[in-house]
Every structure is written in C-alpha cells, then in structure tokens.
Amino acid sequence: MDLAQLKSEAFATLQGLFSGTIAPHEDAQAQAMHPVGHVTGGADVAAIWHALRRALPDGERRDDIFLAGENHPDPRAKFERFGPLVACMGSYQGTFSAPLFGIPPSHGVVTLRYGEAHYFEDGCLRRSWLIWDIADLLLQVGRWPLAAPLGAPGHWPGPKGGGGVLLDRAGPADALARVFAMHDALLSFDGKSLDSMPMSDWWTENFMYYAGGGIGTTRGLAGFRAHHQIPFLHAFPDRYAIGHFIRIGDGDFAVTGGDVGATHTGEYLGMAPTGRPIKMSVMDFYRFDGDRIAENWLPIDILGLAAQMGVDILARVAHHAGAPRRTL
C-alpha cells in the first residue's frame, strides 16, 4: 500500500476506534502502558478504548503528529517486527466523567496525551503499541502521589509551525539516520562527564524536550541536563537500549520506540533506589529543523516503571481517595 494511502485510511480507522464505530481485527493485539500491559484478541483490544470512551464520554481524539513509514530493522531487537507502521502523537480531550483505571473523575476537562504506533493488514488494525500518559493525567486532576516534576508540567504543543499531520503525502526517511547518530552520542557517556555525550552537535540551540508526566518539559541543552539528564543518569547510570519495535522516518519527522534497560541505583522521581533491574517503555517523536533536532516528544510509561521499583502509583491514588488496602 502507498504510505500516503495508509496514513489516510489509518487516520479514519483510529478516529472510528476511539468513537466505537470501528473494531480492530478479531486477532488484534496491543502492548499498552501500565496497568493494561499486553492484550490479545480484538474484543479485549477494543475494551481499552471502551474504557477511555466511558471516562471521556464527550471526548475527541486530537492528533498533532501523524506519520507513516517503512519499519527499519534493529539488530538488537529479539522480537517479531511489523511494518510499515503508523505513528501518532496527540491527546484525547474531554470531560473526565467516570473513573479510568481506578482514577477518580474530576468532572472537568482533561487532555490525556498519547504516543501510539499501529500496524494494519488488509485494512484492519492488527497490532498496537500504546503509551497513554497516565502520570500527566494524575497531575492534571491533582492526584499525583510522588515528587513534583523537575521539568515544567503542562500540555504538550504540537510541532512548531504545524505540519505534523500531512495525510496526502509521505516524506523521505532521511531524518532517521540523524536520529541514530544522536542515539550513538547519548550512549557514548563515559560515566563521568556530560561532555562525553556531544549532544549539541545534534540539537538546535533552543531545542524543546517534552517528556512524560513526572519528568516535564525542558528547553535547550542546559535545561535538558538540569531537569532530566542528570537526575536520570544518577538513577540509572548503566542504562542501555534493548531494541526498537518502531523505527520510521517521514519528511522532517522521525519516530523510534522500544524498551530501555537499566539498574535502579539512585533516587528517581522521589522513589528511593532499589537496586532492581528495570525496563522502561518509551517512544520518541522528533522534528528536525534542517539537519538538527528542534523538538522531541517523549511518551513514557512512568506508572509501569514505578511498579518495577515497588511503587504502586494507582494504589496510592486509591488510598488518598479513601479506598486504602485493608489486607497485606
């Protein structure tokens, strides 16, 4: 299928999936953020969106970035790959009217931001990878039970100048090679000096970094280091990439997504070090200005990360809402 046609058909399908007018394939699967996890079967995949529609009955899906591309190989990945893939970033917006994953409704407007990737076969949705920013939702409704983000909280803007949703065409994947070079720079950390990672070679001067709830937004290399990179490296000094399930480029945009492995040896987001091995599920959406990255959006499964470190964020939310655990 032509990539522009794939984009157009996928855009309509995902809008219909959220509204409940279109169903996934009966054998569909989804890998979703905590507390959902891996789901098999079309009915169970559809139930994820049903839960969201129930929580936001007047909701709408607002895509800020909508891309498609061939899924480039990753030799590190030890799992089945699918392609071509569609990747999208935006928010589900509506009145939070019913509980979602046990989170009490605020009865006010919320924007549940997301990073997603989808695989279609013969026009049907067969695989989905979903990172909905539950941590940011908790911050919006005043239910976040951990330390305040070091970066700035708040709604993510779409790409500067627009242009993130171009359904009538697909661009070249040239940006992807530059992303890989930037990743190599990130992984060149010598364990001692931030200067061992030459990030200024790959980012614009006023680069914007929009990280998931609990982390927050930063600006420029100094802001990125102070509010995200230094706390992250203190907590996870041995971090390493496990493999990407998605590697696509589309014009001035590129997307990667997968798991990062590490050992939790330092405090992070107010959670004391545990010494446990962890995996964090992330996606990265990049916008290039020329040959440098100008904006980077990072959906990340913070609740899943916390659970691996022995912190049940949703249980804390329930406790504060008047439903504490009564048994061990």
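## Helix α2

The buried residues of α2 are Gly42, Val45, Ile48, Trp49, Leu52 and Ala55. Buried means under 20% relative accessible area, exposed means over 50%, and partly exposed lies in between (1.4 Å probe, protein chains only). Their cover includes α1, β1 (29–32), β2 (38–40), β4, β5 and β6. Helices (H or I, at least four residues) and strands (E, at least two) are DSSP runs, numbered from the N terminus. Cover here rests on contact, meaning heavy atoms within 4.5 Å.

The 14 residues of α2 should span 20 Å at 1.5 Å a residue, and the end C-alpha atoms are 20 Å apart, which agrees. The expected span is 1.5 Å times one less than the number of residues. Ala46 also sits in helix α2. With a relative accessible area of 25%, Ala46 is partly exposed. Ala46 and Gln29 are 17 residues apart in sequence; C-alpha to C-alpha they are 9.9 Å apart.

## Model basis

This is a predicted model: local features need pLDDT of at least 70, side-chain atom pairs count only at pLDDT 80 or more, and totals for chains, interfaces and linings use all residues. Residues are numbered from 1 along each chain as its sequence is written, and side-chain values use heavy atoms, with hydrogens and water left out.

## Overall fold

The protein has seven helices and 12 strands. Its radius of gyration is 19 Å, close to the 20 Å that the globule rule gives for 328 residues, so the protein is as compact as a globular protein of that length. The radius is taken over C-alpha atoms, and the rule is 2.2 Å times the number of residues to the power 0.38. Along the principal axes, the C-alpha trace spans about 55 × 50 × 35 Å.

Of the 328 residues, 51% count as buried. Take the contacts between residues at least 6 apart in sequence: 66% of them join residues at least 24 apart.

## Surface and charge

The protein exposes about 13900 Å², and carbon and sulfur atoms supply 52% of that area. Areas come from the Shrake-Rupley method with a 1.4 Å probe; for residues, only the protein chains shown count as cover.

There are 27 positive and 35 negative charges, and their mean positions are 6 Å apart. Lys and Arg count as positive, Asp and Glu as negative; His and the chain ends are not counted. Each charge is placed at NZ of Lys, CZ of Arg, CG of Asp or CD of Glu.

## Helix α1

Helix α1 covers residues 3–19, 17 residues in total. From first C-alpha to last it reaches 24 Å, close to the 24 Å expected at 1.5 Å a residue. Its buried residues include Leu3, Leu6, Leu14, Leu17 and Phe18. Lys7 is also among the buried residues of α1. Among the elements that cover them are α2 (42–55), β3 (60–69) and β9 (240–250).

## Selected residues

Thr111 is in strand β5. It counts as buried, at 12% relative accessibility. Leaving aside neighbours within four places in sequence, Thr111 contacts Ser91, Tyr92, Gln93, Asp136, Gln140 and His155.

Leu186 belongs to helix α4 (residues 174–186). Leu186 is partly exposed, with a relative accessible area of 22%. Its C-alpha is separated by 7.1 Å from that of Met199, 13 residues apart along the chain.

## Backbone features in loops

A cis peptide bond joins His34 and Pro35, with omega about 10°. Pro35 lies in the loop between β1 and β2. Another cis bond joins Gly83 and Pro84, with omega about -5°. Pro84 is in the loop between β3 and β4.

Asp122 is not a glycine, yet its phi is positive, near 55°. It is in the loop between β5 and β6 and is exposed, with a relative accessible area of 76%. Leu269 has a positive phi of about 55°. It sits in the loop between β10 (253–263) and β11 (277–289). Leu269 is buried, with a relative accessible area of 13%.
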